[in-house]
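Student: Please walk me through this structure. I want to know what the terms rest on.

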Amino acid sequence: RVAGTDDLAKVEFKPVAPNKRDAVVVADGFDHDVVMRWGDPVLADAPEFDVYQQTPEAAAKQFGYNNDYVGVLPLGKSATEALLVCNHEYTNENMMYPTGKYTSAQIKQLSMAYHGMSVVQITRGLVPGSWAQSSDLSKAVYNRRITATTPFQLTGPAVGDERLKTKQDKFGAIVKGTFANCAGGLTPWGTVLSGEENFNGYFDKSGSLDSRYTAQYARYGITGSGSRGWSEIDSRFDLSIEPHEVHRFGWIVEVDPLKPNEAPKKHTMLGRFKHEGANVVIAKDKRVVVYMGDDERGDYMYKFVSAGTFDPANTAKARAKNKLLLDKGTLYVAKFTGNGTADSKYDGTGQWIPLTSDTQSFVDGMSVNDVLIFTRLAADKVGPTKMDRPEDVDINPVNGKVYAALTNNSNRGNATTPVDEANPLSTSMVRSALGQPLTSASGNRNGYILELTADGDDHTATTFGWDLMLVCGDPSAPETYFAGFDKSKVSPISCPDNVAFDSLGNLWIATDGNVLGSNDGLFRVAVEGANRGQVQQFVTMPKNAETCGPFITDNNRSLFFAVQHPGESDTATFETPTSTWPHSDDFPRPAVCVAFRKR
Ligand code: FEO
Ligand code: CA
Ligand code: CA
Ligand code: CA
């Protein structure tokens, strides 16, 4: 037995040094296992993965590509079984298919099947904190694959709206599939929320765009220049033929892992934008509050407050009732006001501006459905704060504060996104163009962690306080800030994306797109006490991989994380990969891992 605690919240560890290895490197004293890889069988009748014999039928039964969100739900009372729920955000076609092996149409069918989500039963391993896929798939009755063609039920006020009706769905109520699913969150009633993010890139056009939606398409980056070519096999992806299909993406979806035969939902009440993810907290009065980010340069942070209250009873009836909570309530967008920098802090107060309830719009000239389907345009009218790409927004279970990852913004400082106290750094390119002094080379290329405190510790309150807890980057750069912690004792960190908490309230940050020159990784950060702001790297990723998840469970003994797009490169081919991680094959396979104390 290796000495030391196996509690990831308490353990003292030597931070992993930044590196460019093609490996997952975890802190000394810890191990990691690969739990699920692209292609591993999910359903009992799935064939073993053979990269040269891929079929859409097999793909729809195997673990999808580019795992992003990771959630783990205990299964039953045994404490040895759990359900792993993952998103499969997108595909890297140039790295997945042997050159010349599959036709263009086959590649599209395969890729549609490798998108979506997976539910996989996992079993505790022999080493405490370790987990592996449950070996008898015939008994894994909850295992499930959701793809780009699985039927979803639209719910909430906008169901049946004319603009959600298509030739294939005359009622505007059933949508085929989900894709571009980025982060997500567990609900208190045991379901999983997942954000449809860069959906615009899946739609192309054979002719012109529908002139009724010129402004709406433009605000969502829907240009018809999507490069996936899915319209080749299904015309709903051709905007010239089907102008409304694109309105049926960009939602928060909800999957009930315990109901494998129930259609997952798309929640219109949570608004439509490039949803990064969604995290839920129960307020003091038992209403539920959902925090969400719209990941685009200069876009907004949102929250939803339910009309109904959470029923904690452990009954089927209470659960069914709780599953309706996201259909009625009020959607808000955030405005941040700085209190000036004379206090040497980036901080201030904020306001949640109501956009619409399920019955009444608060935006001039827009109906409830207008606000929900074209949320970005509604928000533009009420003066919220343009942020530096809001990614995960999550609630600390210990101190009740909300932490948002603002990953970076290459446009900050230009005319449309001027600097403000919540978004203080403009890029060097912008500053140079404006003739402003360059205090460092980085600007906001490395991102922030923003901390919000609901007034009265009440998540339903419409006012809050905030501060920039971390200004990420190389600690030796003058603009970086680690909540006042000694900068000589922190790990460099760049481009925070997903956040999570252990049971003691430490913040865990996964990064996407490290611009400091090393691989991405996963960091632990204390948010309270003498070590507040101590950023320590716990894991580094293989080459060209983004860190996703993370999820801490099992009394802080298990750290799940997703290794997304190892080896991603525009110039790589299947035959000439830039990574072969996890080194089980001669091509890379995105995978979910679990880290735990070595024994
Ligand atoms: Fe898919 Fe916003 O990261
Ligand atoms: Ca201030
Ligand atoms: Ca993300
Ligand atoms: Ca990202």
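The dialogue below takes the terms in turn.

Tutor: A note to begin. This is a predicted model: local features need pLDDT of at least 70, side-chain atom pairs count only at pLDDT 80 or more, and totals for chains, interfaces and linings use all residues. Residues are numbered from 1 along each chain as its sequence is written, and chains are lettered from A and ligands numbered from 1 in the order in which they are written.

Student: How many helices and strands does the protein have, and what makes a run count as one?

Tutor: The protein has 8 helices and 32 strands. Both are DSSP runs, numbered from the N terminus: helices are H or I with at least four residues, strands are E with at least two.

Student: Why is the protein called as compact as a globular protein of that length?

Tutor: The globule rule is 2.2 Å times the number of residues to the power 0.38, and the radius of gyration is taken over C-alpha atoms. For 599 residues the rule gives 25 Å; the protein has 23 Å, which is close, so the description holds. The C-alpha trace spans about 65 × 60 × 55 Å along its principal axes.

Student: What makes strand 30 largely enclosed?

Tutor: A residue is buried if 20 or more other C-beta atoms lie within 10 Å of its own, exposed if 12 or fewer, and partly exposed in between; C-beta atoms are placed from the backbone. In strand 30 (residues 546–553), 8 of the 8 residues are buried, so the rest of the structure largely encloses it. Across the protein, 55% of the 599 residues count as buried.

Student: How do you know that strand 30 pairs with strand 31?

Tutor: Two strands pair if DSSP finds at least two bridges between them. Strand 30 and strand 31 (residues 558–564) have 6 bridges and run antiparallel. Cysteine 548 stands opposite alanine 562, and threonine 553 has serine 558 as its bridge partner. In their hairpin, with 4 residues between the strands, aspartate 554 takes a positive phi near 60 degrees.

Student: What makes strand 4 mostly covered, and which strands does it pair with?

Tutor: In strand 4 (residues 81–88), 7 of its 8 residues are buried. Strand 4 pairs with strand 3 (residues 67–74) over 6 bridges, and with strand 5 (residues 116–124) over 8 bridges. Both pairings are antiparallel. Valine 72 faces leucine 84, while valine 85 stands opposite valine 119.
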